[in-house]
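Here is a friendly walk through a few packing details, written for someone who likes cut-offs stated plainly. Please have a look at the model first.

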Amino acid sequence: MFFSIIIPLYNRPQEIKELLESLTRQTYRQFEVLVIEDGSVKDAKHIAESFSGQLNIHYYFKPNEGQGFSRNFGFERANGDYFIIFDSDCLIPENYLEVVNHRLQTDYLDAYGGPDDAHESFTDMQKAISYSMTSPFTTGGIRGNKKGIGQFHPRSFNMGVSRQVWEKAGGFIITRLGEDIEYSIRIHTAGFKIGLIPEAKVYHKRRTSYAQFYKQLHFFGRARINIYKFFPNELKLVHFFPAAFTLGVLFTIIANLLGWGIAILGNFILALFSLLIFFHSWYKNKSLKVAFLSVGAAFIQLVAYGLGFMQDFWKRVIFKTS
């Protein structure tokens with residue numbers, strides 16, 4: 001099987017260099033790489049071209065439209081039987097394509113997704129953020145998990161679709177705010193088989209600071225409401241959990257400031273949650289510093305997502321603004 005790897009890129013030349021370096025080490029060699037520069041000010045043309053002797057690589061520059069439409073741009077120019085999408089901040093294990101090819105040859109999927117993890121070279125902050133996005137004690141636990149709630153929806157940091165999917169279902173119809181989930185639901189609706197390939201993991205750098213992580217997760221919370229506007233039945237009770245957590249944190253803070261007795265219960269619950277995150281992250285990452293940072297990352301993940309969710313729920317569902 002011949003794969004077309006499609007990577008949208010926006011102002012991240014150093015990231016694409018590390019990603020392309022990881023692709024040069026793939027044990028399965030039947031693939032091409034399409035780098036779609038989405039109107040970047042800091043372009044990576046020279047970096048992409050430097051890999052021309054090691055990879056079958058094609059570089060394109062287009063006006064800025066967002067990652068969804070940049071992937072469509074790549075789909076239209078891809079030569080492969082199967083299209084694989086990566087985010088530019090990923091590193092790809094050397095056996096990734098071999099694992100995917102084996103699964104597709106033995107138990108074919110029209111579209112798939114894979115999990116993410118932290119690489120040993122990541123900073124402590126990146127490891128903590130990665131933990132919060134994959135932990136069973138946060139909403140990260142339902143992402144990229146075959147035991148997740150409802151249908152499995154591949155995420156675009158690590159996602160593959162067959163050429164047949166592209167020809168029948170088309171590509172992304174929104175470019176941001178949950179475009180990958182919308183696309184996954186539409187692929188399901190078209191009757192295609194979608195599944196998780198647990199061994200097809202990538203190392204996902206995500207963000208390098210709490211501030212960047214907050215901004216990203218606030219955006220994710222808003223994206224969930226955007227998906228609701230397309231598919232109302234896809235809004236599940238679990239999606240309200242970060243909002244409920246956020247309201248609980250705010251209530252506990254107010255109760256402490258006003259000296260209400262119920263603050264004791266809120267403090268106990270938040271302390272218990274913090275200890276759970278701390279010790280689980282410590283066990284998983286074998287680092288006290290990462291464990292401490294994971295507590296902050298978990299709170300930021302839930303609160304930022306909750307605030308973004310409530311913001312757009314209030315505006316777009318209650319008041320029905322566009």
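A200 is found in the loop between β9 (194-196) and β10 (202-204); strands (E, at least two residues) and helices (H or I, at least four) are DSSP runs, numbered from the N terminus. This is a predicted model, where local features need pLDDT of at least 70, side-chain atom pairs count only at pLDDT 80 or more, and totals for chains, interfaces and linings use all residues. Residues are numbered from 1 along each chain as its sequence is written, and side-chain values use heavy atoms, with hydrogens and water left out.

Is A200 buried or exposed? A200 is buried, at a relative accessible area of 0%. Here buried means under 20% relative accessible area, exposed means over 50%, and partly exposed is in between (1.4 Å probe, protein chains only). Not counting residues up to four places away in sequence, A200 touches Y96, V99, V100, G114, P115 and N158, where contact means heavy atoms within 4.5 Å. The C-alpha atoms of A200 and N95 are 8.4 Å apart, although 105 residues separate the two along the chain.

Next comes helix α5. Nine of the eleven residues of α5 are buried, so this helix is largely enclosed by the rest of the structure. Those buried residues are M125, Q126, K127, A128, I129, S130, Y131, S132 and M133, and they pack against β7 (116-117), α8 (210-230), α10 and α11.

The meeting with α10 can be described in more detail. The axes of α5 (residues 124-134) and α10 come within 11 Å and cross at roughly 115 degrees; axes are lines fitted to C-alpha atoms, for helices over the stretch in contact, and angles run from 0 to 180 degrees between N-to-C directions. The two helices are therefore roughly perpendicular to each other, a label used for 65 to 115 degrees, with angles under 35 being roughly parallel, over 145 roughly antiparallel and the rest oblique. On the α5 side K127, Y131 and T134 take part, meeting I277, H280, S281, K284 and N285 in α10.

L293, in helix α11, also reaches this region. L293 is buried, with a relative accessible area of 17%. Leaving aside neighbours within four places in sequence, L293 is in contact with D124, M125, A128 and Y210.

Now for the rings. Rings of Phe, Tyr and Trp (its six-membered ring) pair if their centres lie within 6.5 Å; planes under 30 degrees apart count as stacked, over 60 as edge-to-face and the rest as tilted.

| Pair | Centre distance | Plane angle | Type |
|---|---|---|---|
| F251 and W260 | 6.0 Å | 50 degrees | tilted |
| F273 and F299 | 5.6 Å | 75 degrees | edge-to-face |

The second pair links distant parts of the chain, 26 residues apart: F273 is in α10 (residues 263-285) and F299 in α11 (residues 288-318). F273 is buried, at 13% relative accessible area, whereas F251 is partly exposed at 40%, and W260 is partly exposed at 40% too. Elsewhere, F3, Y28, Y82, Y108 and Y112 form one aromatic cluster.

Two charges sit over rings, by the rule that NZ of Lys or CZ of Arg is within 6 Å of the ring centre and within 35 degrees of the ring normal. R206 lies over the face of F157, 5.4 Å from the ring centre, and the charged end of K286 sits over Y283, 4.9 Å from its ring centre.
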